[in-house]
Structures are given as structure tokens and as C-alpha cells.
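Subject: Structure handover

Hello,

Here is the structure for you to take over.

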Amino acid sequence: MLHPGQVLRLLHVLIALLVAITACTPQASAPTPAAAPAASGGDFDQLVQAAKKEGELVIFLGRAGSRQLRDAFPAFQQKFGIKVTQVAGSGTENADKVLAERDTGVYTADLWMGGLTTINTRLLPKKAFDPIESLFILAEVKDKAAWMKGQYWWGDPDKQYTFLFSASPSPLISYNSNLVKPDEIASFYDLLDPKWKGKIVSRDPTAAGTGGNTVYFYSHPQLGKEFLRRLFTEQDVTVVDDARQATEWLALGKYSLYLLGSGSDVSDAQDQGLPVKDNYGPFKEGARITAGGAGSLSVFNKAAHPNASKLFVNWWLSKEGQIVAQKADPLDQSLRIDIPNDHVTPATRRSPTVEYSFLDAQPEIVSSEGDMLAFMKQVLGR
Amino acid sequence: MAAVQTASLTAPHTWRLGRPPAGAIVMPIVIVVLGFYVVYPLALILLNSFNVARIAEPARYGLENWMAAFSQPRLLQSLANTILVYALYTSIGFPIAVFIAWALARIRMPFAAGLEFLFWVSFMLPSLFTTIGWMMLLDPDLGLLNVAIRRALPFITQGPFNIFTVSGIVWAHLMGTVISSAVMLLTPAFRNMDSSYEEASRASGASNIGTLVRITLPLMIPPLTIVVMLNIVRMFQSFEVEQLVGTPIKFYVYSTQIYQLARASEPPQYGQATALASLTLLVIVILIPLQRWLLSRRQVTTVSGRFHPGLIELGRWRWLPFGLIVFVLVLLNVVPLATVILGSFMTRAGFFQLAQVFTMKHWLNVLMDNQFRSALFNTVLLSSVTAVISPFLFSFIAYVLVRTRWRGRMLLDSIVWSSGAVPGILASLGLLWMFLSTPFLRPIYGTIWALVLVAVLQGKLTGIQLSKGIFLQFGQELEDAARASGGGWLSVYVRIWLPLITPTLILIGMMHFVIAAQSTSHIVLLATRDTITLSLLALELASGGTTQREEAGIIGLILVLLTVGLALVARRVFGINIGIRHQ
């Protein structure tokens, strides 16, 4: 036991520690009040000056964007002297945060670069975004001929809020190369072969980050609901949330096939020498490209830093910005066709001779995602 | 003495003109302030669970979320699984923990203080690490232990161990915090027991074991009850082990159902998740009166004004409990720590078959990252402030609950318990809404102080219950004597109780340092890039796929070093042994 004198000494030490720590705390910066966007007539220099006055840009990212694009933003910060604050983490949590803020009149967010599921199911219905095309002032951004097939690509049904800037072939299937031959899965219907029963692991088809992949099966005219139902009910598929866990089980041979993987988890494991490979197809049912979770850009209305947002949009979609983006995230190829693609991983480069389906940019497919989620929850017994 | 006690207890009801009793002022303040921070976010979440409007539509209220939540097809099975796993790990782990706590506190044993400290270390290891460590050892096909056994004993062709079973889940729980947290909480309580009770028992011819069962354990009912009740409240929130080990064998528990609704679905079904989480509220409603009845029907004082310390002498037999405890500590500490340290230097943790097995890349990535340095600063600040504030705040509330007769104690106790009803995922949403919708809290939204407030509140249930257990052990005559000498309640609390319970305050402070440093789900929605902590940074890295789990492990390791270092400093600087010293 301590006597009162010792207790007082202990209290003094603790209070001194508290005071010292408090004194060292950096002061929280107050949100900058929103100002009217400048340079609406296209005066880029004027825009840069106005953006510099705001001094900061707040970008909300999903998991994929947090991981894949984090090295791209310092280039903008260095070029224009504007601090880029990345709000990383899961798209679900970031959407919780930004929607709660907006419901109570707090506007800290400027841009959103995340998966289309969160955008279409939560942010667009709350009318959180401004149309983006009216912000374009650089000629090279306004020039539609610089983009794939001479057009802009949109991830929202209204084709004005969610600009898609990159898209690449994405593996829907990965496999253990010791257990599976590459030609054993030439069609998605090969997955229904009884020999794979209990040998398939999948990321949760209803989770944020996999919706875009699942909706491909759901909306494909040759696959659809019945294919998904059979796959997830007849084949005893193990559903997990963690991509890393699924990849390692695949590498260890616990499972032979892995569905709905995302990002670079399998290709990284392959680079490390593990017996896993992504299967990019093309399959009998066709080939596809996807914008993934890090290939779209949306601008919040009532943005905290409207000029910095406008400047970033123009820089990011310019040749320079898209080259920086490709270097930071070599798995995703820019939809700009006037920049080199040698930084892009060969397996995820678009082939000029293949006709891809790009469901992310088809509004009727995008808007069917809610139905797909309800269907899959039913299939999975939730 | 009885007269003095009666006078002191009835004094609050005798108002003197112009000076109302302290309870009439202090109690409403405590209830309103704590109630606001605990009940308001809880009420927001509960209210929202009845909102059945689609997103962006005006609020519309109904029971659809609740009906949908409780009509899920595998809910009953997951509930049964939860109870099964809880019953198994509690029936195995709790007796082991009680025995270890008793042995550490009541037997003269070599290095007892050091052994006790190692249980703190085990408590500080995140469950995620311990679970992954055991998965790496006991995977039926590739687990290092299984492979080694099969190589040494060629007649064994498979297994022999399999972590992916119900017994594997129970094992992972035991090796997590089930044993270490109970030992941490119970050892000071055993140490505070007057040895004259045991000596009288042995003088009457009872053996050491007989004395333990008939005398010691009944006297320990308050702390034992509190530890059991805390575990019951957390039964429906335990998550990491089942997610990692249970999912591959399709073994779902109640908390994984809540997680599926709140986090693994897009859009998240918070209403349904809240409906499921409300089951814990029901458990709490049953537990509170049960706990009060249980504690009130026994004389539980173990420390009186005539306290007589002493330890049991076992002679050379003392090496038997010593050996058993060392064996448990090796299982609890060495496996997860060795796994994390080894894994942090591996290209991919657990994969020895790679061409380049070892690398320094992960350490360099972590230590060279600017975000790491600011996260380290934020973590030290958050955890230190929480560790300083929490013990005083919670011991004061416990004092009010146990040592006063002020009106409203039942209500205050209910508020405290209700805070344990909501899993972190949902609590963070309620807290976010509270900060944004409360004008006087808005200025600290986005600052480290919002995180401090949440971290302090996060540990209140454990902190207050632990303090209550200690207050219940001390005899009323200590307070009565002080009151008879003219001391007011505040003076008695500061001059009498604080010196007596300072060791426990240090323990609570340490626990809250760990809770704050490891906090993720409670603070995730309130943190910004400027206020991110190491635990949130580790969460980002661990959730990101690719190879970043090793870097998350390094951050976890740094957190452990930080907390263990602080614990060592606390022991060195203050020379504190948790509980009353026995010579």
C-alpha cells in the first residue's frame, strides 16, 4: 500500500506527464470554409492560385484506392504545394463517416475514389456528388478522342457523376498451379464440375469490393442467376472476407480455385514464388475489363476545397496525372489512349484485338447491383 | 461502531438548511454526464434500428429490421455455437485462471511477481496475433508442429492436430485473453485477502486444497462474480477467433452474424445488426439484479482494519505450481511473440518454402513511413491521457456505487453495464452521430480529444467493475473510522481510499493504456489522417490484402513493446506490486 504522500507524488508525476503531452499536441486545423470555384472560364493559372489559397484537398478512398493510389498523390502535392489528405480505410466506413457528416451539415470531403458499389448504393442516392464534366478546363482532358473509343466512360446511371479513368482485365478466377492446369477452366461452367466441389474458396460476393465482379456473372446473358445459384449452393464454396487468407489457402493447397479475388493479392504471392496464378481468360463466355475499386473519380457537392478539387480533377485526368496514376498502380491501365502503357503489368494491359465487355460503364448493369446483392444474400442464406 | 456506521449511512437523508447532502448534488451530475455519453449514442443506434426507410428517403419507422434480423436461417445455430464455445473455454480456462491467480498471490513461490507480469504481457498481445500464431502451428496440413511431428514419427500420416475444429476454436480462445485477463484481474484480489482466515482453517485441520475450496474461494466471490459477468457480456462480441478459425469449417457464431450485417454487406445493414446486438442488452438486464443479489447476500470483506498478511509455505512442492505456471506462460507468450517476430522478418509470414524466406523490407517500410511517426505520437498521447484519466474517474464511480448510499446507484450501475451492450462496430457509429449532432462536442470532432473521450469510455465497464471488486473487499470500519473523525466523502475517498487502492489504479491505468493503444472499431469513424493511431494503421495494413500483414504485425509488435515498456517503468518507478504485499 502507498501512504498519502506517495499518492500525492504519483498524482504530481501523472499530471506533469499529462500537461507535457498536452503542450506537445499539434493543434487541429479548423475546416476551411467553402469558397466559390474560380477560373470557371478556363483560366488555369487563376485556378491554381485559388486552389493554393485553400491549401488542402481531402480525398476519400476505398480499400483498393488506399492501397494502390497512395503513391500518386504526393506528385500533385509537390507540383502545386497543396496538401493532399487521404482518408484511407474501407469504403463502407468512409461512406458512414461522410454521410453522417453531411447529414449534420459538416462538409470536410472533396473527392471520392472508391468502388462503384458504395457509390451506387449509398452516395448517389444521397445526391452527394456534383456533375464532373463542367469542371474540365484543360484541352487535353476535354478532348474525348484521347479516351478509349473516343468517349468518356461513366460509372453512374446518369453518366455525369462518376468518371471512370482506368480499366483493365481483372481475374475472376485464380488457381493453384500445382493442382489445376490452366486449360481446365476454359468456361465459367467448368466451375460447376463436381470435381471442384469443396475445392473452391471465394471472397464474399456481397461484400464491398467484390460487387462489381459478382454483377458480371449476374448480368451475363449466358451465366446469370442460375449459374450463381448453382455455383454457391452445389459446389460447397467457402466464403471468406479476407483476400489474403483466401490467397494463402490457395497457395497451401487447401483449395484449388479462388473466386472474386481483388487487387494484387494473388499476383504478389506469385511473384514471391508461391504456386498461384490469376486466370485472366478470355473464357468461352467472353473477356471483360473493370475499373475496380480504384478507377473512378467523383466530386462532392458543397466540397470543402472546391478550387483544389477542380485543379486536381484536371491534373489527374491529364496525360501527366494518368501517367503518375499508372506508375503508382501498375495493375490498372488508364482509359486515356494517348499515353504509354509500359508501366502497366503485362497481364492487365488491354489487348487492341480483344473485344471486352465493360460492365462498370453500363448504367443498366450498374443499377442492377442492388438486385444482385439481394439475390446473393438469399443464395447464401442470409 | 454500529452507531457510527448508521449515522454515516443515514446522514445523506438529513438535509441541513442551505447545504444539501453531497449525494444530492454529485449523483445527478454523474448520472447525467455518464448517461449522456453512454445512453445517448446507444439510443441513437437503437432508434435507427427501427428506421426502415430506404437510403435518402425520409425516416419511416417499423419493425422490419428486427423481424428480418431474427428470422435469419442460421441464427439459432450460431447462437447455440456461441454458447457452446463460451461454455467450453470458460469451464476450462476459468478454473485454470483461478488456480494460477491463487498460486501467484497466496503461495510463496519464486519469481511470483515476474510470472504475474508475464500474464500482463500475454494480455497485451492482440488476439489476432495469437490466433494466427496457432494457425501457423496447428494447421492440419502445413502447421509447423504437425509437420515436425510427422517427420519425427513416420507412422503418423496426417494431423495429428487440427486448429480448424471446435476444440481448435476453444484452444485459440484459451491462448488468447481468456486465461491472462482473468489472472490479471483476480491475482490482486487474492493478494488482498487476510491470511488469518486461511490460517484458522488450517489450524482446524483443513488441508491447503480444502482451505482453498471452503474458505478462499467463497471469500473471493465478488471479484470472481465480476470477472464471470464481464465474460458473459462479451460472449456475443468475441469475433476474431471465430472469423479466422471458424469460417473455413462453416462454424458461425452470433458475433460473425452481426459482423456480416454491419461490415461484410454493402450497403451495411446496421438496423438488423443492432437488433441482433440487443440480445446482449437482454443479458445485461438479467445480470445486473443477479449480480447485486449475489453480492449483497454474503459478507465479502477480506481486508479489515486488522489485516494480517501471510503466504502459504509449500516447501519443495512450490516448484510444482511454479512449473505449471511457466508452462502456461510459454504457451501464452512464446508462441504468438515468436510467430510475430519471426514473421516480421519473412517475405511472407509462415511460408518457409519461398526462395527468399527472410527480408528486412517490412521493417524498413514501417519505420520509413511518415504516417508511422505521427501515428506513434498520436498513440502515445491517446493512451497516456486515457491511462491517467480512467483510473481516477472509474474508481470514483465505483466508490459511489459501493461505498455510498446515495439514491440512484441502481440507475448508475445500469448505465455502466449497458455500455457493454454494443459491439465496437456499432458503438463507433453511435459515437460519430453523437459528436456530429451535439453542438458542444462538435469543436473536438476531428481532433485527438474526441478519440481520448471515446477511449476512456470504451474501458469503463471493466474499469468500474474492477474497482468495485476492490472496494467490496475492504471492511466498512475503515471508512466508518474516517467518517467518525470528521472526514467528508471526498476527503475519505482521497485520504483513505486512494492510498489503499493505488495499486489497483495502476493496474486499471495499465489496462486502459492497452485498451486505448489497441482500440480500432470504437475510434475508426472518428479518426482522421492527422489523428490516426498505430492500431488503425495496423488495421489498414492488415485489411489491405497483398503482403502488408507483416507490416501490421510489426506495428502490433511496437504496440506491445510500448505497453510492456510502460508496465516495466510503472513497476520500477513506483515500485508497485499489484495488491497488498505479503512478506
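The notes below go through chain A by element and then turn to chain B.

First, the ground rules. This is a predicted model, in which local features need pLDDT of at least 70, side-chain atom pairs count only at pLDDT 80 or more, and totals for chains, interfaces and linings use all residues. Residues are numbered from 1 along each chain as its sequence is written, while chains are lettered from A and ligands numbered from 1 in the order in which they are written.

Helices (H or I, at least four residues) and strands (E, at least two) are DSSP runs, numbered from the N terminus. Two strands pair if DSSP finds at least two bridges between them.

Chain A has an open sheet of 5 strands, in the order E9-E8-E10-E7-E11, with mixed pairing. Its edge strands are E9 (238–240) and E11 (276–279) of chain A, and each pairs on one side only. On average, neighbouring strands are turned by 25° against each other, direction ignored. Inside the sheet, E7 (residues 173–176) and E10 (residues 257–259) of chain A pair in the antiparallel sense over 3 bridges. There, Ile173(A) stands opposite Leu259(A).

Helix H10(A) packs on this sheet. It touches E7, E8 (200–203), E9, E10 and E11 of chain A, and its direction makes about 165° with that of E8(A). Such angles run from 0 to 180 degrees between N-to-C directions, and axes are lines fitted to C-alpha atoms, for helices over the stretch in contact. H10 (residues 243–252) of chain A has 8 of its 10 residues buried, so it is largely enclosed by the rest of the structure. (Buried: 20 or more other C-beta atoms within 10 Å of the residue's own, with C-beta atoms placed from the backbone.) Among the buried residues are Arg244(A), Glu248(A) and Leu250(A). Gly253(A) follows H10(A), and its phi is positive, near 85°.

**Strand E1**

E1 (residues 56–61) of chain A is also largely enclosed by the rest of the structure, because 5 of its 6 residues are buried. E1(A) pairs in the parallel sense with E2 (residues 83–87) of chain A over 5 bridges. It pairs in the parallel sense with E3 (residues 111–113) of chain A over 3 bridges. Val58(A) stands opposite Thr85(A) in E2(A), and Phe60(A) opposite Trp112(A) in E3(A).

**The three-stranded sheet**

Another open sheet in chain A has 3 strands in the order E6-E12-E14, with mixed pairing. E6 (168–169) and E14 (356–357) of chain A each have a single partner strand, so one side of each is left without a neighbour in the sheet. E12 (residues 287–290) of chain A pairs with E14(A) in the parallel sense over 2 bridges. Ala287(A) stands opposite Tyr356(A).

**H2 against H12**

The axes of H2 (residues 44–54) and H12 (residues 306–316) of chain A come within 7 Å and cross at roughly 130°. Residues that make the contact include Leu47(A) and Glu54(A) of H2(A), and Lys310(A) and Leu311(A) of H12(A). (Contact: C-beta atoms, placed from the backbone, within 7 Å.)

**Chain B**

Chain B comes to 25 helices and 0 strands. It has 583 residues, of which 50% count as buried. Among its contacts with a separation of 6 or more, 79% link residues 24 or more positions apart.

Best wishes

Key
Contact = placed C-beta atoms within 7 Å. Buried ≥ 20, exposed ≤ 12 C-beta atoms within 10 Å, placed from the backbone.
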